[in-house]
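Q: I am new to this structure and would like to learn how to read it. Could you take me through some features, giving me the general idea and then the case here?

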Amino acid sequence: TSRINQQILASDGGNRCSSVELTVIITNVHNQPPHWEQPEYWVTVPENTVRDAKIVTVKATSPLGDPRVTYNLEEGLVPETNMPVRFYIKPNRVDGSASILVAENLDYETTRFFTLRVRVQNVAAVPLASFTTIYVNVTDVNDNVPFFLSSTYEATVPEGAQIGTSVAQVSATDLDSGLHGMIHYTILKDESGDSHYFNIDSRSGTIVTRASFDREQKASYLIEVQSQDGSESSRPGQQGQPNTDTAYVRIFVTDVNDNAPAFAQPVYEVSVEEDKEVGFVLMTVTANDEDEVLCQNESCRCVCFLEPLRPTQMIAGTTDPVILSCRSNTK
């Protein structure tokens with residue numbers, strides 16, 4: 001007989017017991033499991049390896065008269081052991097070996113290392129099996145774009161601020177590692193010329209001014225910033241260039257009270273008949289302030305008042321001039 005079945009019983013002093021069945025398979029003394037050429041295999045592949053690409057060939061031989069063997073890639077339980085499936089095995093009938101091929105796209109940022117277990121068994125009446133392990137190291141390639149956290153940014157700078165004033169900081173994220181994920185920032189030139197008024201720190205993304213601004217001349221500036229990683233892209237169509245992304249930054253110049261109200265003309269003359277009632281309107285004058293009106297209440301308006309040159313009363317028949325002044329109530 002080639003098989004012996006035996007039941008093993010275990011009991012305690014309280015009349016409780018359990019049993020297990022033991023099966024002993026008797027094999028031919030000459031029946032041995034296949035022998036692997038290597039007890040383990042190590043392979044390194046880039047993450048952009050295409051599907052169905054062969055990454056390694058393994059081989060086991062049977063010492064029996066019949067050299068045929070069968071290969072099987074064991075199912076894993078976690079991504080690192082091929083679950084979900086990222087690799088498959090394909091036997092080579094010509095020389096009795098087997099190849100491990102890529103089944104699905106690899107991603108260094110998701111799984112960087114795989115441990116694959118391959119089973120081989122002979123074709124004897126009572127087949128015997130042996131195992132080998134394949135260690136797959138996945139290397140990073142520059143396949144991720146340094147994306148900005150936002151496609152548009154807004155910032156403000158007070159008019160008259162000193163050159164070198166920090167106005168904003170942009171930030172991009174690249175999932176690649178090492179040089180592939182090292183980000184540099186630049187300001188792109190454009191036809192508007194707004195890019196000439198700002199600098200950007202290539203490492204931190206901090207934007208600073210190169211000039212002092214006057215809101216009354218221009219109230220806002222629009223610049224385009226670019227993020228670029230540090231090596232040749234592996235993405236299709238990049239033609240050896242790094243990966244890049246762009247974003248816009250709108251910078252508003254905030255107003256300060258740096259302009260005095262101005263009358264339309266420096267001197268006004270008016271005649272009035274004597275005995276006019278108090279409150280009679282002599283004339284209407286206007287003054288203009290180029291600063292921005294930040295509120296609509298009385299405290300933000302210009303106030304005009306008379307300033308006699310001499311402390312005399314305005315009496316009919318006199319020609320004492322007066323000064324008409326106008327000031328803004330805002331600071």
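Q: Among contacts between residues at least 6 apart in sequence, what share joins residues at least 24 apart?
A: A contact means heavy atoms within 4.5 Å. In this chain, 64% of those contacts join residues at least 24 apart. Please keep in mind that this is a predicted model, where local features need pLDDT of at least 70, side-chain atom pairs count only at pLDDT 80 or more, and totals for chains, interfaces and linings use all residues. Residues are numbered from 1 along each chain as its sequence is written, and side-chain values use heavy atoms, with hydrogens and water left out.

Q: How many helices and strands are there in the chain?
A: Helices (H or I, at least four residues) and strands (E, at least two) are DSSP runs, numbered from the N terminus. The chain has zero helices and 23 strands.

Q: What is the order of the strands in the open sheet that has mixed pairing?
A: Strands of a sheet pair through backbone hydrogen bonds, either parallel or antiparallel. Two strands count as paired if DSSP finds at least two bridges between them. Here the order is β12-β19-β18-β15. At the edges stand β12 (152–158) and β15 (184–188), each with a single partner strand, so one side of each has no neighbour in the sheet. From one strand to the next, the twist averages 30°, taken between N-to-C directions of lines fitted to C-alpha atoms, on a scale from 0 to 180 degrees.

Q: Which way do β12 and β19 run, parallel or antiparallel?
A: They run parallel, joined by seven bridges; T156, for example, has F252 in β19 as its bridge partner.

Q: Which residues make up the covered face of β19?
A: In a regular strand the side chains alternate between the two faces of the sheet. For β19 (residues 244–254), the covered face holds D245, A247, V249, I251 and V253, while T244, T246, Y248, R250, F252 and T254 form the uncovered one.

Q: What about the open sheet of four strands with antiparallel pairing: what is its order?
A: Its order is β3-β5-β8-β7. The edges belong to β3 and β7 (87–92), each with a single partner strand, so one side of each is left without a neighbour in the sheet. Six bridges join β7 to β8 (residues 97–102), and P91 has A98 in β8 as its bridge partner.

Q: Which residues make the nonpolar surface patch?
A: Patch residues have over 30% relative accessible area and no salt bridge, and nonpolar side chains (Val, Leu, Ile, Met, Phe, Trp, Tyr) are joined within 5 Å, like charges within 9 Å. A salt bridge is a side-chain nitrogen of Lys or Arg within 4 Å of a carboxyl oxygen of Asp or Glu. Accessible areas come from the Shrake-Rupley method with a 1.4 Å probe, and for residues only the protein chains shown count as cover. I4, I8, V20, L22, V24 and I26 make this patch of about 460 Å². Its largest share, three residues, comes from β2.

Q: Where is I26 placed?
A: I26 lies in the loop between β2 and β3 (35–36). With a relative accessible area of 39%, I26 is partly exposed, since buried means under 20%, exposed over 50%, and partly exposed in between.

How values were computed. Buried < 20%, exposed > 50% of the residue type's maximum accessible area, 1.4 Å probe, protein only.
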